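This report goes through the sheet, the charged pairs, the aromatic rings and the totals for the chain. The sequence and the model are shown first.

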Amino acid sequence: MPEDRYIRFCTDAAPTPRWGLRRGDTVEELSSAPWIAGSTRTERAVPFAGLRLLAPAQPTKILALGYNYKDLFADPAARTSSREPH
């Protein structure tokens, strides 16, 4: 039997991401992310088969860097020409 694992999942019927504790072929739903104080198991359990697994993270911010555009900003002429429609 596989080890117990925390997972983040959703289903087609309930697309909102949820956290759970996988125990074999069953997932016990958690009230919140496992690292949040006060997270408890709910009374709901779902079969593991048919779940869509999600990344085990809850991003609050998305950061993007434009390092590959440094040459574009260094040349003002390139900046103007890049905005022209193709």
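Predicted model: local features only at pLDDT ≥ 70, side-chain atom pairs only at ≥ 80, totals over all residues.

Two of the pairings can be followed residue by residue. Strand β1 covers residues 5-10 and strand β2 covers residues 18-23; the two run antiparallel and are joined over five bridges. Within this pairing, I7 is placed opposite G20 of β2, and F9 is placed opposite R18 of β2. Strand β1 also pairs with β5, again in the antiparallel sense, over three bridges. There the bridge partner of C10 is R52 in β5. In general, strands of a sheet pair through backbone hydrogen bonds, either parallel or antiparallel.

## Order along the chain

The protein contains two helices and five strands. Along the sequence they follow the pattern β-β-β-β-β-α-α.

## Salt bridges

How many salt bridges does the model contain? The count comes to five. One of them joins R23 and D4, with 3.6 Å between the closest N and O atoms.

E28 counts as partly exposed, with a relative accessibility of 22%; the cut-off for buried is under 20%.

Another salt bridge brings together the side chains of R44 and E29, with an N to O distance of 3.0 Å. R44 belongs to strand β4 and E29 to strand β3 (residues 26-30), so that this pair links distant parts of the chain, 15 residues apart. E29 counts as buried, at 7% relative accessibility. Salt bridges with shared partners join D4, R23, E28 and R41 into one network.

E43 is located in strand β4. Is E43 buried or exposed? With 81% relative accessibility, E43 counts as exposed, whereas E29 counts as buried at 7%. The two residues are 14 positions apart in sequence, and their C-alpha atoms are 7.5 Å apart in space. In a regular strand the side chains alternate between the two faces of the sheet.

## The aromatic pair

A pair of aromatic rings is described by the distance of the centres and the angle of the planes. The model has one aromatic pair. It is formed by W19 and W35, whose ring centres are 5.2 Å apart and whose planes make an angle of 80°, an edge-to-face arrangement. Planes over 60 degrees apart count as edge-to-face.

Which parts of the chain does this pair link? W19 is in strand β2 and W35 is in the loop between β3 and β4, and the two are 16 residues apart. W19 is buried, having a relative accessible area of 6%. W35 is exposed, at 55%.

## Totals for the chain

The protein has 86 residues, and 17% of them count as buried. Its accessible surface comes to about 7000 Å², and carbon and sulfur atoms contribute 56% of that area. Among contacts in the protein with a separation of 6 or more, 27% are between residues 24 or more positions apart.

Definitions and conventions
Residues numbered from 1 in each chain as written. Heavy atoms only, no water. Pairing = 2+ DSSP bridges. Helix = DSSP H or I, 4+ residues; strand = E, 2+ residues; numbered from the N terminus. Salt bridge = Lys/Arg side-chain N within 4 Å of Asp/Glu carboxyl O. Buried < 20%, exposed > 50% of the residue type's maximum accessible area, 1.4 Å probe, protein only. Contact = heavy atoms within 4.5 Å. Areas by Shrake-Rupley, 256 points an atom, 1.4 Å probe, with all protein chains shown as cover. Phe/Tyr/Trp six-rings, centres within 6.5 Å; stacked < 30°, edge-to-face > 60°.
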